[in-house]
Amino acid sequence: MPVTPANVIAEAPVSEDLPAQMVPVLETRHGVVDMRRRTAVMGVLNVTPDSFSDGGRYTDVDAALAHGVEMEREGACIVDVGGESTRPGAGAVPLEEELERVIPVIRGLRARVAVPISIDTYKEAVARRALEAGADMVNDISALRFDPAMAGLVATEDVPVVLMHMQGRPRTMQRAPHYVDVVREVAAFLRERVAFAVERGVAAHRIVVDPGIGFGKDTGHNLELLRRLDALVSLGQPVLVGLSRKAFLGRLLDEGTPDARLEGSLAGAVAAVLAGARMVRAHDVAATCRAVRVAEAIRAGAPAGSRG
Ligand code: PMM
């Protein structure tokens with residue numbers, strides 16, 4: 001039996017004295033992700049031939065399963081499985097192909113890991129089959145916009161959902177991203193998407209919001225969102241930040257390959273946690289867990305009477 005990360009609890013000790021949507025706790029079918037004290041590290045498992053950071057590495061089911069198990073052992077609270085690359089310029093993958101990539105991996109992982117599994121897709125049919133195969137939550141980079149059936153599925157299945165901001169579509173989003181005030185616009189978008197989801201029957205306490213670092217944003221936009229993340233935190237939903245190995249880190253550090261972006265990814269994760277993020281999406285799970293532990297301790301302050 002794999003070790004369960006400290007903040008995934010089998011039972012649900014959800015506090016009753018705060019409004020539910022203000023408590024950063026996600027109940028899933030496979031345990032509760034409690035983000036009140038510990039940041040949840042969501043481990044990335046891309047089962048794609050072409051993702052920018054790990055494309056081609058885990059297209060073999062056995063290799064994908066081994067990596068998922070490894071990420072849980074390293075401290076991931078959620079394993080996020082994706083079958084369509086959303087890197088800038090990427091095109092859509094046919095439904096059948098996406099299903100063939102992700103379903104065997106989710107089924108296999110369900111038998112091997114104790115932590116919740118999320119499905120990274122904007123297609124209702126993929127999310128539905130993934131939930132049937134053992135996934136616990138939906139990570140929708142389109143924030144329920146690209147598939148009109150997605151909101152109904154999330155509401156009916158009563159599963160947690162990540163709503164992410166993106167300007168444009170993956171194929172074109174990095175051509176000329178434009179904002180007057182990126183933080184205000186992303187906050188307004190996420191507020192509207194949360195209201196939409198709730199209107200469609202999604203429970204507010206199951207919704208996580210995400211600024212969508214690199215999705216229709218240049219380096220300046222990404223940095224501004226990280227610097228003023230408090231504006232998104234004040235929406236009242238737990239905030240997820242995914243910046244691991246992304247291109248803006250390479251631009252800042254003059255480094256070409258995604259593999260060489262570890263320090264930048266850790267620095268970004270620490271900044272996000274200090275600014276109030278409750279979940280970070282990462283490829284390098286062990287290192288990210290260690291870095292965010294320090295950031296959490298700084299955010300929380302030393303316990304009274306502590307020494308040394
Ligand atoms: N980034 C990618 C894919 N899915 N989902 C969320 N919620 N947030 C992100 O920032 C995000 C995502 C692209 O990165 P990858 O190719 O490394 O998975």
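This report covers the salt bridges and cavities of a predicted model.

Local features are given where pLDDT is at least 70, side-chain atom pairs count only at pLDDT 80 or more, and totals for chains, interfaces and linings use all residues. Residues are numbered from 1 along each chain as its sequence is written, and side-chain values use heavy atoms, with hydrogens and water left out.

**Salt bridges**

Side chains of opposite charge can pair when their charged atoms come close. With a salt bridge taken as a side-chain nitrogen of Lys or Arg within 4 Å of a carboxyl oxygen of Asp or Glu, the count comes to 18. Three of these pairs are among those listed here.

| Pair | N to O distance |
|---|---|
| R73 and E70 | 3.0 Å |
| D120 and R281 | 3.4 Å |
| E296 and R293 | 3.2 Å |

Helices (H or I, at least four residues) and strands (E, at least two) are DSSP runs, numbered from the N terminus. R73 and E70 are separated by about one helical turn because they are three residues apart in helix α1 (residues 61-74). Likewise, E296 and R293 are three residues apart in helix α10 (residues 285-300), so about one helical turn separates them.

Burial is judged by relative accessible area: under 20% is buried, over 50% exposed, and in between partly exposed (1.4 Å probe, protein chains only). R73 is exposed at 57%, whereas E70 is partly exposed at 30%. E296 is buried at 6%, and R293 is partly exposed at 27%.

The side chains of D120 and R281 also meet in a salt bridge. This pair links distant parts of the chain, with D120 in strand β6 (residues 117-120) and R281 in strand β11, 161 residues apart. D120 counts as buried at 12%, and R281 counts as buried at 16%.

**Cavities**

A cavity is a set of points on a 1 Å grid over the protein atoms alone where a 1.4 Å probe fits but cannot get out; its lining residues have an atom within 4 Å of a point. Volume is the space filled by probe spheres set on the points, which are joined across faces, edges and corners. There are two cavities of 30 Å³ or more.

The largest cavity holds about 60 Å³ of space. Its lining includes R281, V280 and A282. The elements that give two or more residues to this lining are α9 (262-274) and β11 (279-282), and β11 gives the most, with three residues.

The second largest cavity holds about 30 Å³. D120 is one of its lining residues, which also include E84, E98 and Y122.

Notes: On a 1 Å grid over the protein atoms alone, a cavity is a set of points where a 1.4 Å probe fits but cannot get out, and a pocket is an open set with protein on both sides within 12 Å along at least five of seven lines; lining residues have an atom within 4 Å of a point.
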